[in-house]
Amino acid sequence: MGPRAAPGRPGSGGSGGGGRARTPAPAGPGREARTGPRKVASASAAASTLSEPPRRTQESRTRTRAPGLPTLPMEKPAASTEPQGSRPALGRESVQVPDDQDFRSFRSECEAEVGWNLTYSKAGVSVWVQAVEMDRTLHKIKCRMECCDVPAETLYDVLHDIEYRKKWDSNVIETFDIARLTVNADVGYYSWRCPKPLKNRDVITLRSWLPMGADYIIMNYSVKHPKYPPRKDLVRAVSIQTGYLIQSTGPKSCVITYLAQVDPKGSLPKWVVNKSSQFLAPKAMKKMYKACIKYPEWKQKHQPHFKPWLHPEQSPLPSLALSELSVQHADSLENIDESAVTESREERAGGAGGEGSDDDTSLT
């Protein structure tokens, strides 16, 4: 998702916000943040650290959703007997900020091998898919990439920095943060382009993030916000659980795993499934890697000390009570039947429509 993921937001958010405390004004040119990032010992500690009321009341469009990769739609799966593993986001009846167990469970799913079908493996990038439900258009997709010459903390910054994302993520249509919930959780909006001629999708997600030693996790799931109902020009998808696991493998190297479990709210053609797992996901991962290589130089020219995902006191977001949100159940949204849609000539020729250009000259 865009992956906010859907991943993009892996996507493919999202996608894919900043739940940080609001005290000093945001750092910028001539104003430095404190020397080290605010340490959050655990998700439980972060959840209990609610920040003071902000001075701003309007919604702030400052960062990105976790589904930074395109959230990848899948066709209705055939019956599967593969082990499904734990799925903490499924069956959620109330909005809750993920706790330590949720983060550990997400890590375990990212590292699991049983039940996954490898669909792509080339040049350090691998993609797997897994059928989740027998009677619904619901799949999991997992992408993993080895990143040489990219420290884990740099990749973490790239996934958070919305201004930089606008330079490299051609899948995103619009993404903004709505409000903070705790120092490491927020709610936000992410919309992304789907392969033409499919309708584009969007999501509202609760996102949380947590450094775990030398590793990092960013993950989200769909919620309903009263001010952001489904739009007529987009299909409201549902992120069951989507996110990233970034694992350090050395001072200047890491491995990133993007895991997305999404209901795209529609019956989709087989060519979308094949293209998502064999072309779109690998291409998005490679674009992310190129963006990471260029990020340090870019950031030095664009508010180098402004990183509210590390310094919660820099966040300009208004606070929001969990009671204002409700879980977005897939059954409450309209299904769009696009199973008979054929791939456009532009898509077959390798044009845009959710893929984006290989040109990375805008990253300077």
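How many aromatic pairs does a search of the whole structure find? The search finds 8, where rings of Phe, Tyr and Trp (its six-membered ring) pair if their centres lie within 6.5 Å, with planes under 30 degrees apart counted as stacked, over 60 as edge-to-face and the rest as tilted.

Before the details, a word on the source. This is a predicted model, in which local features need pLDDT of at least 70 and side-chain atom pairs count only at pLDDT 80 or more, while totals for chains, interfaces and linings use all residues. Residues are numbered from 1 along each chain as its sequence is written, and side-chain values use heavy atoms, with hydrogens and water left out.

I begin with one of the pairs. The rings of Tyr156 and Tyr216 are stacked, because their centres are 4.2 Å apart and their planes lie at 20°. Tyr156 belongs to helix α3 and Tyr216 to strand β7, so the pair ties together parts 60 residues apart in sequence; helices (H or I, at least four residues) and strands (E, at least two) are DSSP runs, numbered from the N terminus. Tyr156 is buried at 1% relative accessibility, and Tyr216 is buried at 13%; buried means under 20% relative accessible area, exposed over 50%, and partly exposed in between, with a 1.4 Å probe and protein chains only.

Phe176 and Tyr228 form a tilted pair, 5.7 Å centre to centre with 50° between the planes. Phe176 is in strand β4 and Tyr228 in the loop between β7 and β8, 52 residues apart.

Let me turn to the core. A nonpolar core is a set of buried Ala, Val, Leu, Ile, Met, Phe, Trp, Tyr and Cys residues joined through side-chain atoms within 4.5 Å. The largest one has 35 residues, and Tyr156 is among the members that touch the most others, as are Leu155 and Ile256. Helix α5 gives the largest share, 7 residues. A second, separate core of 18 residues includes Phe176, together with Val97, Ile178 and Leu325.

Finally, the backbone. Most residues other than glycine have a negative phi. Where does Ala123 lie? Ala123 is in the loop between β1 and β2, and its phi is positive, near 55°. Asp149, in the loop between β3 and α3, has a positive phi near 65°. Ala123 is exposed, with a relative accessible area of 71%, and Asp149 is exposed at 59%.
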